Amino acid sequence: LYSFIIHNKDTFFNNATRSRIVHHILQRVKYEEGKNKIGLNRLLSNGSYEAAFPLHEGSYRSKNSIRTHGAENHRHLLYECWASWGVWYKYQPLDLVRRYFGEKIGLYFAWLGWYTGMLFPAAFIGLFVFLYGVTTLNHCQVSKEVCQATDIIMCPICDKYCPFMRLSDSCVYAKVTHLFDNGATVFFAVFMAVWATVFLEFWKRRRAVIAYDWDLIDWEEEEEEIRPQFEAKYSKKERMNPISGKPEPYQAFADKCSRLIVSASGIFFMICVVIAAVFGIVIYRVVTVSTFAAFKWALIRNNSQVATTGTAVCINFCIIMLLNVLYEKVALFLTNLEQPRTESEWENSFTLKMFLFQFVNLNSSTFYIAFFLGRFTGHPGAYLRLINRWRLEECHPSGCLIDLCMQMGIIMVLKQTWNNFMELGYPLIQNWWTRRKLRQEYGTQRKTSFPQWEKDYNLQPMNAYGLFDEYLEMILQFGFTTIFVAAFPLAPLLALLNNIIEIRLDAYKFVTQWRRPLASRAKDIGIWYGILEGIGILSVITNAFVIAVTSDFIPRLVYAYKYGPCAGQGEAGQKCMVGYVNASLSVFLVSDFENRSEPTSNGSEFSGSPLKYCRYRDYRDSPHSPVPYGYTLQFWHVLAARLAFIIVFEHLVFCIKHLISYLIPDLPKDLRDRMRREKYLIQEMMYEAELERLQKERKERKKNGKSYHNEWP
């Protein structure tokens, strides 16, 4: 007590800290004689108590205006200044959030606000790239050639029922592809990789300022207590803590290893389930593209590939949501099986499992479309088949990027809409139903006289995993915003619009719809920061492959410098792209079709006589060359350019990222000076207090007639 200046013992600890102290005691008190009869959690699990939670500080509404009468309590103040939809454009009152909900929740909203603010430049540049595609659309030589190619007949994209089609029929898709795949795409991919690094580095500086202001600099994880479940499980085995010197429960190394092996096997199995689900989607796509091609409705029949992609994405989304429910239960079981020692270890283990499950679940189909769709199909007359039965799906004549854009756009919009509904809509419906039952049972007058614990009990409890769902939603969104951003530059803009709503939606939920969560301390966002860094590294690799493999950027560049009208001149403008479309298509002899691939129509509707030749996207020799359908020299030039681009792009961006990380210090200079100043003042105060004590002792000795020689002054 002598280390603190305490004016009033009743108000020295705020309500959040008091709740944390009480919870600490209740978690460890022994309520009955016998084995494992310890703690509030066990009483809750066996039904002795229905619920246990801290109380809100009264109502969040008031009959009087906060401007004239002031706030009635902290909850009312938070609602008016933070959770109300009318203040969406204002800064968040983070100190008030921390005082009411604790440091951990305060840090989440600080990080969410920082992430949202950093999305503004990314969204602006992404919108600029999209608008650049719009303004240059009429000058794009490639889309012009596609739209004017009425005499180029493309081979069917599926067996039997898919017809021959004019290349000009894909004019709209070629134009849409240019909106996302244009000259500014590479610049935007580099910018987003650098942006991710700048975001994380400046967040470290922002977190340091918050940790200093909230007195978290000296708070260490070592202060964390052992989980009651761990204590109950290993109470018979104890060993000395090397730091405290006190005996504590101990988990044997062999026991820990065996549990980790079982847990890792479970993770691997669930990831295999995800891959199996993706395999099912692939089979659906290759089967339905033929079905839609034979559909009786002309709209679907003429757009069979788009219809296949759209329905596959929607089915994929439904599978994602269903598997997420299963993953949560499996991750919880595996984490409890590991028996983590502390709450932070439990949270980190559970978080890593759920992130791996959901990341693979959400992005596996996107990875398939980006890097595998249309890459291993073979060529007409020698198609590669799945289980020697289904012909693998080909890309649209305008390229695979349109499929990737559809996948990202639909999944991102549906996912964010569903999450927002589940976060706010579900609690609102639940609370409305509870209020309705209470009105029917007790009447309106009786309901208003309920004590605070009755009112709070009728609210929804916070998620059992704390802030996990909130962080996971934002981290997965960060992945969508960075990993495939070269294919969908509007992703940062969609993320920004969602997050502006998300901040107030989460605030409204915490203040009005949920019981007050137990306050807890934290000095950073935990394992999520490492996951963000991993996503930043992965985004560099994936964007390099998207530009090199999925988009037509490299083939166009090779054509402009090596094969086009400007070959050898060092130019790559639109005039250098004349003839690119024809050069990127190979010729196939229709009579070389396999029996099971031969289309039902002979193409006579185009020229009045059966077609002899059709075209397909690839760099192969003609059917009359010495090696029919062999790869041309241009194919190997494009392949070498793609590999070279990936290596140069990755090394360049990684160098820039590391340089930025090195140049930006983790602590701002003014904060470092404040911390040094504080340390200096503390030393001065301690010196003066010790000097005052010694002088006081010397005066007392002189007063009592006692004196010593060679005393310190």
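# Note on the predicted model: disulfides, a helix pair and selected residues

1. Glutamate 345 has a relative accessible area of 39% and is therefore partly exposed. Its place is in helix H15, which covers residues 343-371.

2. On the overall architecture, the protein chain contains 25 helices and 10 strands. Its C-alpha trace spans about 125 × 70 × 65 Å along the principal axes. The chain has 713 residues, of which 46% count as buried. Among contacts in the protein chain with a separation of 6 or more, 74% are accounted for by residues 24 or more positions apart.

3. How many disulfides does the model contain? With sulfur atoms required to be within 2.5 Å of each other, the count comes to three. A disulfide is a covalent bond between the sulfur atoms of two cysteines.

4. Cysteine 147 and cysteine 171 form a disulfide with their sulfur atoms 1.9 Å apart. The link of cysteine 147 and cysteine 171 is right-handed, with 80° about the S-S bond. Cysteine 147 belongs to helix H8 (residues 141-148) and cysteine 171 to helix H9 (residues 171-180), so the bond ties together parts 24 residues apart in sequence. The accessibility of the two partners should be read separately: cysteine 147, at 23% relative accessibility, counts as partly exposed, whereas cysteine 171, at 16%, counts as buried. The cut-off for buried is under 20% relative accessible area.

5. Cysteine 155 and cysteine 614 form a disulfide, again with sulfur atoms 1.9 Å apart. The link of cysteine 155 and cysteine 614 is right-handed, with 85° about the S-S bond. Cysteine 155 sits in the loop between strand S1 (153-154) and strand S2 (165-166), and cysteine 614 in strand S10 (residues 613-617), so this pair joins parts that are 459 residues apart in sequence. Cysteine 155 is buried, at a relative accessible area of 6%, and cysteine 614 is buried as well, at 0%.

6. Cysteine 566 and cysteine 576 form a disulfide in which the sulfur atoms are 2.1 Å apart. Is this link left-handed or right-handed? The torsion about the S-S bond of cysteine 566 and cysteine 576 is about -85°, so the disulfide is left-handed. Cysteine 566 and cysteine 576, 10 residues apart, are each placed in the loop between helix H21 (553-563) and helix H22 (580-583). Cysteine 566 counts as buried at 4% relative accessibility, and cysteine 576 counts as buried at 0%.

7. Cysteine 140 takes part in no disulfide. The nearest cysteine sulfur to that of cysteine 140 belongs to cysteine 147 and is 9.1 Å away. Cysteine 140 is buried, with a relative accessible area of 3%. Cysteine 405 is likewise buried, with a relative accessible area of 7%.

8. Helix H9, which holds cysteine 171, also contains threonine 177. At 6% relative accessibility, threonine 177 counts as buried. Which residues does threonine 177 contact once its neighbours within four places in sequence are left aside? They are Ser398, Leu401 and Ile402.

9. A further point concerns the packing of helix H10 (residues 185-213) with helix H25 (residues 669-703): their axes come within 11 Å and cross at roughly 25°. Angles under 35 degrees count as roughly parallel, and H10 and H25 are therefore roughly parallel to each other. The crossing in which H10 passes H25 is left-handed. H10 contributes Ala208, Val209, Tyr212 and Asp213 to the contact, while H25 contributes Leu671, Arg674, Met675 and Glu678. By class, the contact of H10 with H25 has five nonpolar and three charged residues, with no polar ones.

Terms used: Residues numbered from 1 in each chain as written. Predicted model: local features only at pLDDT ≥ 70, side-chain atom pairs only at ≥ 80, totals over all residues. Heavy atoms only, no water. Axes fitted to C-alpha atoms, helices over the stretch in contact; angles between N-to-C directions. Helix = DSSP H or I, 4+ residues; strand = E, 2+ residues; numbered from the N terminus. Parallel < 35°, antiparallel > 145°, perpendicular 65-115°, else oblique. Left-handed = near helix turned anticlockwise from the far one by under 90°. Contact = heavy atoms within 4.5 Å. Nonpolar A, V, L, I, M, F, W, Y, C, P; charged D, E, K, R; others polar. Buried < 20%, exposed > 50% of the residue type's maximum accessible area, 1.4 Å probe, protein only.
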